Amino acid sequence: MTYVRSSWIILSVALLAITASAQADLGTVRDTKTIEGYDLTLFSSPEPFRAGPVDISVMVANHDTGQTVVDCRIEILLTPTFDGPAAFRVPATREDAQNQLLQAALFEIPEPGQWKVTAQVTGLPEISQPIELTALVDAFPHLPRWRSIWLWLVLPIIALVVYVF
């Protein structure tokens, strides 16, 4: 009976550790606007925002119906507010988005610091001027390598403990 109880406890702790690192699908809301009948929202992931791979996503929806708008064009501009690397400009696409209601652009942030994120939305029906969403985001330093693989290091130890007890 002790063997079964300790196995369940260890398994529960392992599952909690795995789910504690789960990410939300959309990320953190950085800016939102309602302009001329459209709701626009700018998201970023991961949280906290870090140097390294990042996902900048935009959702455009009709304010009256709530339906997402799929036929607009979105460009994301990432500009450092410090002396450092040049700005990045990447078109947002549905292919890069984890959620098909969004358009996303994937970036590799080279160094920590404050970055200005600008999403420019064009091609909306009845709107001739581009709409911009803007946010200032502080990018923290890269995670140490062991922090991204810690679970794979601990799993064999958990399996060994479950086997022994």
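## Overall fold

Among contacts in the protein chain between residues at least 6 apart in sequence, 56% join residues at least 24 apart; a contact means heavy atoms within 4.5 Å. This is a predicted model, in which local features need pLDDT of at least 70 and side-chain atom pairs count only at pLDDT 80 or more, while totals for chains, interfaces and linings use all residues. Residues are numbered from 1 along each chain as its sequence is written, and side-chain values use heavy atoms, with hydrogens and water left out.

The protein chain has two helices and eight strands. Their order along the sequence is α-β-β-β-β-β-β-β-β-α. Helices (H or I, at least four residues) and strands (E, at least two) are DSSP runs, numbered from the N terminus. Of the 165 residues in the protein chain, 30% are buried. Buried means under 20% relative accessible area, exposed means over 50%, and partly exposed lies in between (1.4 Å probe, protein chains only).

## Confidence

The pLDDT, which is the predictor's confidence in each residue from 0 to 100, averages 83 over the protein chain. A score of at least 70 is reached by 84% of the residues. Residues 16–24 have a pLDDT below 50, and this stretch has five contacts in the model beyond near neighbours in sequence.

## Aromatic residues

Rings of Phe, Tyr and Trp (its six-membered ring) pair if their centres lie within 6.5 Å; planes under 30 degrees apart count as stacked, over 60 as edge-to-face and the rest as tilted. By this rule there are three aromatic pairs. In one of them, Phe-82 and Trp-115, the ring centres are 5.7 Å apart and the planes stand at 85°, so the pair is edge-to-face. Phe-82 lies in the loop between strand S4 (73–80) and strand S5 (88–92), and Trp-115 lies in strand S7 (residues 113–122), so this pair ties together parts that are 33 residues apart in sequence.

Phe-82 is partly exposed, at a relative accessible area of 24%, whereas Trp-115 is buried, at 0%. One aromatic cluster is formed by Phe-82, Phe-88, Phe-107 and Trp-115.

## Salt bridges

The structure holds two salt bridges, each defined as a side-chain nitrogen of Lys or Arg within 4 Å of a carboxyl oxygen of Asp or Glu. One joins the side chains of Glu-47 and Arg-30, with an N to O distance of 2.9 Å. Glu-47 is in the loop between strand S2 (38–45) and strand S3 (52–62), and Arg-30 is in strand S1 (residues 28–35); the pair links distant parts of the chain, 17 residues apart. Glu-47 is partly exposed, with a relative accessible area of 44%, and Arg-30 is also partly exposed, at 26%.

Arg-89 forms a salt bridge with Glu-75, and their closest N and O atoms are 3.1 Å apart. Arg-89 lies in strand S5 and Glu-75 in strand S4, so the bridge ties together parts that are 14 residues apart in sequence. Glu-75 counts as partly exposed, at 31% relative accessibility.

## Loops and backbone

The bond from Ser-45 to Pro-46 is cis, with omega near 10°, and Pro-46 is in the loop between S2 and S3. The bond joining Glu-47 and Pro-48 is cis as well, with omega about 0°; Pro-48 is in the loop between S2 and S3.

Glu-36, in the loop between S1 and S2, has a phi near 45°, a positive value in a residue other than glycine. Glu-36 is exposed, at 60% relative accessibility. Glu-126 is in the loop between S7 and strand S8 (131–139) and has a positive phi, near 70°. Glu-126 is exposed, with a relative accessible area of 82%.

Arg-94, in the loop between S5 and strand S6 (103–109), is buried, with a relative accessible area of 17%. Leaving aside neighbours within four places in sequence, Arg-94 is in contact with Val-69, Val-70, Gln-100, Leu-101, Leu-102 and Gln-103. The C-alpha atoms of Arg-94 and Val-70 are 8.7 Å apart, and the two residues are separated by 24 residues along the chain.

## Helix H2

Helix H2 (residues 145–164) has 20 residues and reaches 30 Å from its first C-alpha to its last. This is close to the 28 Å expected at 1.5 Å a residue, where the expected span is 1.5 Å times one less than the number of residues. H2 has a kink of about 35° centred on Leu-151; the bend at a residue is the angle between axes fitted to the seven residues ending there and the seven starting there.
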